[in-house]
Structure formats: structure tokens, C-alpha cells
Amino acid sequence: MFRPVFARIAEGARERDSTRTLPFEQVGWLNKARFGALRVPASRGGHGASLSDAFRLLIELADADSQVAHLWRSHIGFAETVLLLPDDELRDTWFGRFADGHIVGNAYTERGGNTLGTLSTRLVSAGGRWRVTGEKYYCTGTIYADWVAVAASREDVPGRHIAVVSTQHSGVRIYDDWDGFGQQLTGTGTTSFDAVPVDSLLPQDADGAHPESAIYQLVLLAVQAGITRAVLRDAREQVQVRTRSFSTGSGVVPRHDAQVLQLIGEISASAFAVDATVLAAVAELESVLADEALNAAERFAVAELSANRAQTAIQPLVLGAASKLFDGLGASATSSACNLDRHWRNARTVATHNPAIYKARIVGDYEVNGTAPRKLNSVGNAGARHTSTRF
């Protein structure tokens with residue numbers, strides 16, 4: 001069902017990246033196939049896919065176009081939150097929306113001014129309804145979405161609150177102002193909210209142990225896996241047709257050059273290892289979510305450690321493969337017309353999200369000192385002491 005759509009998406013990926021053409025049409029194709037309802041039970045109009053199967057498909061989509069896969073990150077994370085909602089009516093409402101092709105975007109992070117662990121975006125009750133006001137950045141996927149999940153604070157109840165609002169409301173402004181050198185088509189820019197009425201206010205994660213952050217990180221790793229597959233595909237295709245060799249080389253065409261073949265083999269091994277690592281981490285998360293013997297804190301710790309280990313292992317493999325691509329092809333491969341640098345640019349950009357150095361430290365602290373991962377649900381300015389408003 002999805003592979004023909006992925007193939008169509010792949011056809012224009014290189015050109016869209018070169019021309020900075022946002023993939024609205026391609027998102028529409030996925031909506032028609034109800035990609036956003038992968039995890040919705042079949043009895044509620046969805047595909048009823050397991051978490052592992054959903055991630056296998058996400059990796060395939062990222063192979064076709066990493067930017068299209070990445071823009072679904074918020075929706076995928078939100079859908080997993082919906083699956084765990086204790087409110088049957090609210091859960092069924094969102095199942096119906098996903099089955100109808102609705103997409104949910106993200107407005108969690110603030111660009112600056114807020115202290116680490118706090119939020120400047122506010123929820124205020126007015127006219128008998130909650131309304132949200134504030135400005136967010138890194139709003140991946142929101143420009144393509146019908147709804148957006150907004151992280152906000154309330155004066156009356158401490159902690160982070162997730163309010164879902166319609167992107168069609170006049171008080172919502174979405175800007176395509178992401179200026180990173182990679183993943184430029186993901187809509188990772190600014191979204192502002194001016195007294196926007198709230199459609200759904202999700203229940204707070206009372207014990208602070210929802211595996212949400214692990215799911216979000218695993219989506220990024222699936223995108224990295226797709227990029228590595230795409231690197232292998234481009235390297236293989238370029239070597240197969242290349243006739244030009246070097247005076248310092250073996251004197252045979254590249255497809256029969258033992259050193260070039262070794263390099264392609266190394267890229268292939270990296271792609272295999274990245275795929276396997278992502279899927280192993282997803283399987284671990286799937287097992288954790290199904291294990292009723294674990295309490296919430298244990299579930300969170302296992303999920304976080306699994307995602308953190310995977311991220312630490314994957315990042316150098318992906319970046320190394322994207323660089324090796326050029327070693328087997330030479331200077332002509334750096335032509336902007338080839339746009340082969342997009343793989344490295346996109347991989348490097350994805351790798352900056354939630355830097356792996358911190359994840360490796362968290363894993364090391366657990367291994368040596370038994371320190372459980374700590375949850376802090378808001379990026380912000382460091383330096384000030386965290387107060388009771390931290391969450």
C-alpha cells in the first residue's frame with residue numbers, strides 16, 4: 001500500500017531539496033493512504049500496525065525522502081500519547097481524526113527567554129474556555145498539520161500542560177523561517193499563538209514517566225536510518241555507471257576496483273547496523289510498554305536508556321557513511337547539480353537534536369552509578385536555579 005507512494009515521493013526528493021520546495025503534495029499523498037493512522041486500531045478505522053512495523057515503514061519513507069519522514073515526528077509521538085490516554089472518549093476522538101487524515105504538529109520548544117524547565121507560553125481561562133498565548137520555535141511539521149500540540153504553563157497548576165489547538169484559527173501564525181543547512185523542508189520554524197482556543201487539554205503525566213521523549217528520539221533515529229540507506233543507494237548507483245578513474249588508482253573501472261568495492265561494503269554494513277539498532281531499540285520500547293510488571297519510573301528508565309544507547313551508537317555510523325560516499329566518487333560528486341551533500345547536511349542536522357554527548361553521559365552515569373535518567377520537559381536558558389515550577 002505505502003511503497004508505491006514512497007516511490008513517488010523519492011522521485012522528486014533531490015530536486016525539492018535543491019529548490020527548497022515544501023512537500024505539501026507529497027504529504028497529501030500520504031494522507032490519502034492514511035499514513036497518520038498507522039497505529040490506530042483497525043476497529044477504529046486505522047491500520048492497526050505494531051510499533052515495530054510502523055517504524056519499519058518510517059525508515060522506508062526516510063529512505064525515499066528524509067525530510068518528509070521527519071515532518072511526521074510530532075504526529076507519530078502524539079499518536080503514541082493518544083494510545084495511552086486513560087480517557088476513552090478523548091482517545092476515540094483522536095482515533096477518528098487520524099483515520100480521517102488529520103495531522104498533528106508540534107509547538108513544544110521556545111527559542112529563548114525561558115529558564116530551563118519552564119515555559120513562557122501560557123494557558124489562560126477566558127470566557128469559560130482555555131486559551132493559549134505564546135511563541136514557539138522548532139515546530140517541526142506544523143506547517144503541514146491540521147492540529148498542533150502546544151506545551152504551556154498554567155498559573156493555577158504547576159508543570160507542563162499539552163494543549164491541542166487548530167492550526168486554522170486566526171490566532172495561529174506559522175512561519176517557514178527554519179534556516180538550518182539541512183532538513184530545510186520540515187517546517188521547523190516559528191509558530192505564534194494569540195489567545196487561541198484549546199480543543200483538547202491532555203491529562204498531565206502525573207508521575208513524569210511517560211516514554212514520550214524516547215519515542216520522539218527514535219523517530220529521529222529512524223530518519224537517520226533512512227538517510228544511510230539513501231547514501232548506500234546513491235553510492236551504489238554512482239559507482240555502477242562511473243568510468244572515470246584516477247592515475248593513482250588500480251586502473252580499472254570503479255565497479256571493479258577492490259578499494260571502491262570495499263568502501264561500498266562499509267557503507268552497506270553501516271546501513272545494516274543502523275537499521276538493526278533502531279529496530280532493536282523500538283522492539284525494546286514495545287516490550288516495555290507491554291510489560292505490566294514494570295512501574296512507571298522503571299518503564300521510563302528502560303525506554304530512555306534504550307533510545308540513548310541507540311542514538312550514541314548510530315550517529316557516527318550515519319555521518320561516516322554520508323562522508324564516505326564522496327571518497328568513492330571523487331571531486332565530481334561535489335557538484336551542486338548532484339546534490340549528494342544533502343545526505344550529510346540532513347544527517348548532521350538531525351544529529352544536533354538532543355545532542356548525543358549528553359545521552360552518552362546519561363547512559364554512563366547509569367552504568368557506573370545506577371543513576372536513573374531524569375525527565376526535564378522543557379529546553380531553556382541555564383544558569384538560574386530550578387524552582388518548584390520545574391517539570
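Mentor: Residues are numbered from 1 along each chain as its sequence is written, and side-chain values use heavy atoms, without hydrogens and water. Because the model is predicted, local features need pLDDT of at least 70 and side-chain atom pairs count only at pLDDT 80 or more, while totals for chains, interfaces and linings use all residues.

Trainee: Why is Glu89 called exposed?

Mentor: Exposed means over 50% relative accessible area, buried means under 20%, and partly exposed is in between, with a 1.4 Å probe and protein chains only. Glu89 has 63% relative accessibility, so it counts as exposed. Glu89 lies in helix α7, residues 88–99. Helices are DSSP runs of H or I with at least four residues, strands are runs of E with at least two, and both are numbered from the N terminus.

Trainee: How far apart are Glu89 and Gly101 in sequence and in space?

Mentor: They are 12 residues apart in sequence and 19 Å apart in space, C-alpha to C-alpha.

Trainee: What makes Gln183 buried?

Mentor: The relative accessibility of Gln183 is 1%, so Gln183 counts as buried. Gln183 lies in the loop between β6 (172–174) and β7. The phi of Gln183 is near 45 degrees, a positive value in a residue other than glycine.

Trainee: Why is Asn354 called partly exposed?

Mentor: Asn354 has 36% relative accessibility, so it falls in the class partly exposed. Its phi is also positive, near 50 degrees, and Asn354 is a residue other than glycine. Asn354 lies in the loop between α11 and α12 (356–369).

Trainee: Which residues of helix α3 are buried?

Mentor: In α3, residues 24–32, they are Gln26, Val27, Trp29 and Leu30.

Trainee: What covers the buried residues of α3?

Mentor: The cover includes α1 (3–11), α2, α4 and α5, where contact means heavy atoms within 4.5 Å. After α3 comes Arg34, with a positive phi near 60 degrees.

Trainee: How do you know that β2 and β3 pair?

Mentor: Two strands pair if DSSP finds at least two bridges between them. Strand β2 (residues 122–126) and strand β3 (residues 129–136) have five bridges, in the antiparallel sense.

Trainee: How many bridges join β3 to β7?

Mentor: Five bridges join β3 to strand β7 (residues 191–197), and these strands run antiparallel. Gly134 has Phe193 in β7 as its bridge partner.

Trainee: Why are β1 and β8 said to stand at the edges of their sheet?

Mentor: That open sheet has four strands in the order β1-β4-β5-β8, with mixed pairing. β1 (104–107) and β8 (200–201) each have a single partner strand, so one side of each is left without a neighbour in the sheet. Within the sheet, β4 (residues 147–152) and β5 (residues 161–166) pair in the antiparallel sense over six bridges, and Ala152 has His161 in β5 as its bridge partner.

Trainee: What makes a space inside the structure a cavity?

Mentor: On a 1 Å grid over the protein atoms alone, a cavity is a set of points where a 1.4 Å probe fits but cannot get out; lining residues have an atom within 4 Å of a point. Grid points are joined across faces, edges and corners, and a volume is the space filled by probe spheres set on the points. The structure holds three cavities of 30 Å³ or more.

Trainee: What is known of the largest cavity?

Mentor: The largest cavity holds about 140 Å³ of space. It is lined by 13 residues, and the closest to its centre are Phe35, Leu38, Arg39, Ala54 and Ile76. Both α4 (51–64) and α6 (73–83) supply at least two residues of this lining.

Conventions. 1 Å grid on protein atoms, 1.4 Å probe; cavity = no way out; pocket = protein on both sides within 12 Å on 5 of 7 lines; lining within 4 Å.
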